[in-house]
Amino acid sequence: KFFKMSSLFRGEDMTLCQIYFQSEAAYSCVAQLGELGIVQFRDLNPTVNAFQRKYVNEVRRCEEMERKLRFLESEILKEKEIPLAEAQEFCEAPKSKEMIEMEAALEQLEHDLQEVNSNKDALKKNYLELQELRHILTKATTFFEEQDRIQTGEQTVLQMETQDRIQPLRLGFLAGVIDRERVPSFELMLWRICRGNVFLRTAEIEETLEDPKTNTQVNKTVFILFFQGEQLKTKVKKICEGFKATIYPCPETASERREMGLGVMTRLEELKTVLDQSLNLRKSLLTNAALNVKTWFCRVRKMKAIYHTMNMFNLEVNQKCLIAECWAPVNELTRIKLALDKGTELSGSNIQSILNRMETKEQPPTHHRLNKFSEGFQNIVDAYGISSYREINPAPFTVITFPFLFAVMFGDAGHGLIMSLFALFMVLRESQLKNKFRTNEVWQIFFGGRYIILLMGLFSIYTGVIYNDVFSKSMNIFGSSWRVGVTKDFDFEKVTVFDLNPNTNANHSLNEIKMYSGNPYPFGVDPIWIMSINKIAFTNSLKMKFSVIIGIMQMMFGLVLSLLNHLFFGKMVSVLFEFIPQVIFLTFIFVYLCVMILIKWLRFDGSPDSTQCAPNLLIELINMFFFKSAADEDPCKALYSGQSIVQKILIVLAVLCIPTMLLGKPIVLYLRHKRKSQIGQRLSDSGHLNPIAQEDSTSDSTNEGVDLKIMRETPVGKDSPDTSHDDENENFDMGELAVEQCIHTIEYFLGCISHTASYLRLWALSLAHAELSEVLWTMILRIGLKSGSVPGFVILWLVFVPWAAFTIGVLLLMEGLSAFLHALRLHWVEFQSKFYKGEGYQFMPFSFEQILEQAENPDKI
Amino acid sequence: MAKSPRYSKLHICGPGLSICCSLISVWGIIMLAIVGGLLSAKSAAFIEDIPEVDEHNLSYEERLNKGFDLAATNCYGAVGLYLGCLIFCGIQVFFNIKASAMKN
């Protein structure tokens, strides 16, 4: 129970296992493990080429089947009316014997389909030709009648010219069909090449014909060319070829044409019936196939995955069994054993598969058990780096701190409400929206982070109530603690700015009126500030101090997590010489700053002598480093008695931490290394084996006599994140150690100051948001509210839409994205640099679910 | 079931536009109703949002009150207009759903 809970906190305990499969049982055992999805196989043949592996033939056959299935799927998708049935709920990986049956079935289907397709194409081509011929025959009659008229006309001309030469000029002709778009260029080309000696007549075909190659409707035109002589005929034929015009034999006489026409009509009818039958056959083939295509896909993919995995196994010399190595969570070993037993049973073999745990010094993969809620937060942590094996996972804390930091920067209850409603819509309609818009990446990002957005919105409502900001207006729920104190005869016209006096002891003799009740507003910022001119000066001071306090709290929390990590890995040196100096520095300077803030808030009230005395905290902090204090000049500026002595002690102790951290750990490790090598020297002199070389990696605890080993987790494979200064005597390098420690020291101490300042972005962004919100209201919505004339409500009605559009576009999307980014940065850099190593690698189990999902959506991130 | 020709002409906006408009109308109704209510209650937060009243015979306080009432009326009027918008867009959404159901 204890270690089950710690899965998200630290990551699962992983172990390296060896599995011995009997050759016949291997396939079904691997299938069972794939369904289970909790082991990650290691490739035991990394140097072997893909084509030399044992099961390369099976993989090839699977790929061939996949190709056939893809062809089938594309053909089915071409026919829009056939729906593709979804894969069955549970498609089992087929047994190896069933593979041959499937191959045969698919082969048959492919062959049939290809035959039907080619038949269909030939039929369609034929159909098109017959249709074109029919049109030519109908149009030709008109052409020939005209031609006769022209001929008789020419005859008379010639008769007039030459009395004797009365030979009728017989013009040759060609009839054909051409695409309508090409007609103008066709005419032009004819005119140029034949120098105007051909006569072209065209008539458009009214109905659109279907082009068999592209399956689109095209417009065509019938043309007929009259020319004289053989040379022109060859020229014209070439031009027709060039323009892809099809030429048909057209008889001259009308009677022949009528006969041909009738023949064409009958052939067209027959062809249409045959074509329809062929299309129906194709459709029925495809409908049958459509029922099973997705299931087949699923099965073939599973099979291919199994064979890929089996290619990674080691084959025993006598070919009797396969050896696999895999990483698995310790908690799941019983389930894995059960799956192996089931697999052996299903394959009909009676030799059980054997599961052995192995010990190794390698770093295991990191595995966190996630659900749909924690997945989003784990993703944003993993985007920076996967946690090292067994170090504390920042994700469970990120669930709360990330939306909170976002909300501090976003701080508007109205905008938070809209954001929450949007996220709530996505969350409540999860199952319907999951598969919609899969190709739209932006939507996938929003949908994947729906729980994060929901929490961000809810927290923003909370901070909005604290900042008392709803669409840039304040709410007065409890009644303001301030009154504008005026006498009855006050002239409102003359005074434009009024000073509110915070003094609670009003001197009645001087006619002062008590303006501040003395009881602060119960929750949040007092609503009177929205009407004040110096609102920003006040909220600046407030928000800056909030930011610093929140920042130092988060950094302190990060340090505490680093302590827990050190204790878990048993590194007492780090606890004494890293954690303690770090925490002392942070506490004595920065937590002291927070304490000063609190004291300043509590000690000074609105009375006149008190406000003069309040010291500037930033100057105080700087003076602390110079051993000065504002209280030296003006005693009332002291925050508490004895301040200068306390500050001197604090700063001296804090500065002493720097050399402690810089030198402490290297010196201790160096001494320890010397002692070990001396002992080792003495032992090897006396002939004994060096016992230390056989010990496990928990060096610090065993040699120091402070036994802080954590006994509940197995020490096997529990490698600490920084293995450079290990117990391996050969790897000890003093120079490298010293440089690394120097870097860590500088990074931490400078980082303390710079990170504290960096948290001021919480103030900066919330100021920007509040100001933008106010600008939108003042410049846009106020126009509608202020318009007093009769169409005032029409103006308001019109003005509301751009105000809403800008609110969503600028304030919600742009500012939201900006705050998200900055909150993320604060987590990744300022928080995680205190404790997080992030040098692990992700656990990628062999899981059919993941493989099938990836195959369905190859573009998903 | 044949589509009645009357319906096809009434479906003017596409599905996206009509859903967008109905959402903005709902937001407008709720928010402007609340703002109008607050203005009628003479909330001090909106003191800079009220229109100037020019009648000099009234006292400062009476002019303030009149300004508040004017602004409140503006809000209620806009709420009424948005109600009309919502009804119109709601009908469009209804027709869009029917049209896509018939297409399928």
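Start where the two chains meet: across the interface of chain A and chain B, the rule finds three salt bridges. Keep in mind as you look around that this is a predicted model.

**Stop 1: a salt bridge**

Select A:Arg782 and B:Asp49 and zoom in. These two residues form a salt bridge, and their closest N and O atoms are 2.5 Å apart.

**Stop 2: the side of chain A that touches chain B**

Now color helix 23 (761-786) and helix 24 (792-831) of chain A, each of which supplies at least two residues of the side that touches chain B. Which helix gives the largest share of that side? Helix 24 of chain A does, with 11 residues. If you color the residues of this side by class, you will find 17 nonpolar, six polar and four charged.

**Stop 3: the whole interface**

Zoom out and select both sides together. Here 27 residues of chain A are in contact with 26 residues of chain B. The area buried between the two chains is about 2,300 Å², and carbon and sulfur atoms give 72% of that area. Next, pick out A:Leu785, A:Trp797 and A:Phe800 in chain A: they lose the most area to chain B, together 29% of what that side buries.

**Stop 4: two helices packed within chain A**

Show the side chains to see who meets whom: from helix 16 come A:Val548, A:Ile552, A:Met555 and A:Leu559, and from helix 22 come A:Tyr748, A:Cys752, A:His755 and A:Thr756. By class, this contact has six nonpolar residues, two polar ones and no charged ones.

**Stop 5: A:Phe590**

Finally, select A:Phe590, which you will find in helix 17 (residues 572-603) of chain A. Is A:Phe590 buried or exposed? A:Phe590 counts as buried because its relative accessible area is 5%, and the cut-off for buried is under 20%. Show what surrounds this residue: leaving aside neighbours within four places in sequence, A:Phe590 is in contact with A:Ile552, A:Phe585, A:Cys752, A:Ile753 and A:Thr756. You have already seen A:Ile552 in helix 16, and A:Cys752 and A:Thr756 in helix 22, at the previous stop.

A:Ser347 and A:Phe590 are 243 residues apart in sequence and 67 Å apart in space, C-alpha to C-alpha.

Methods: Residues are numbered from 1 along each chain as its sequence is written. Chains are lettered from A and ligands numbered from 1 in the order in which they are written. This is a predicted model: local features need pLDDT of at least 70, side-chain atom pairs count only at pLDDT 80 or more; totals for chains, interfaces and linings use all residues. Side-chain values use heavy atoms; hydrogens and water are left out. Contact means heavy atoms within 4.5 Å. Buried area is the accessible area (1.4 Å probe) that two parts lose on being put together, summed over both. A salt bridge is a side-chain nitrogen of Lys or Arg within 4 Å of a carboxyl oxygen of Asp or Glu. Helices (H or I, at least four residues) and strands (E, at least two) are DSSP runs, numbered from the N terminus. Ala, Val, Leu, Ile, Met, Phe, Trp, Tyr, Cys and Pro count as nonpolar, Asp, Glu, Lys and Arg as charged, and the others, Gly among them, as polar. Buried means under 20% relative accessible area, exposed over 50%, partly exposed in between (1.4 Å probe, protein chains only).
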